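Please look through the sequence and the model below before reading on. The paragraphs that follow start from a local feature and then widen to the whole chain.

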Amino acid sequence: MLILRRKKNESLLIGEDIRITIIDCAGDGVRLAIDAPKQISILREELSEAEQSNKTAIAPNINSVMLFQSILKKKKDTPDSEQ
């Protein structure tokens, strides 16, 4: 991890295409301006984590799917008189 100290209106470059400029420094945070090509996604970390949590929450657990399949198979294999 690289740690830098920058002041208001100073920038840093990432590669040749990305420039991050410090716009404002306050007690509760820093405002940044990010200039990058459109094809590069820029997302706050907490939003990325929330997105991953949502994907995990809607993805079925493989054990649950297997159990459900076995229940359906047993029902299918059972004659109508036993149901």
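Strands S1 and S2 form a hairpin with 3 residues between them, and in its turn Gly-15 has a positive phi of about 65°. Strand S1 covers residues 11–14 and strand S2 residues 18–26, and the two pair in the antiparallel sense over 4 bridges, where pairing requires that DSSP finds at least two bridges between the strands. Within this pairing, Ser-11 stands opposite Thr-21 in S2.

This is a predicted model, in which local features need pLDDT of at least 70 and side-chain atom pairs count only at pLDDT 80 or more, while totals for chains, interfaces and linings use all residues. Residues are numbered from 1 along each chain as its sequence is written, and side-chain values use heavy atoms, with hydrogens and water left out.

From the N terminus on, the elements run β-β-β-α-α, giving 2 helices and 3 strands; helices (H or I, at least four residues) and strands (E, at least two) are DSSP runs, numbered from the N terminus.

The C-alpha trace of the chain spans about 80 × 30 × 20 Å along its principal axes. The chain has a radius of gyration of 26 Å, whereas a compact globule of 83 residues would have one near 12 Å (taken over C-alpha atoms, with the globule rule being 2.2 Å times the number of residues to the power 0.38). Of the 83 residues, 5% count as buried, that is, under 20% relative accessible area with a 1.4 Å probe, protein chains only. Among contacts (heavy atoms within 4.5 Å) between residues at least 6 apart in sequence, 0% join residues at least 24 apart.

Technical notes: Buried < 20%, exposed > 50% of the residue type's maximum accessible area, 1.4 Å probe, protein only.
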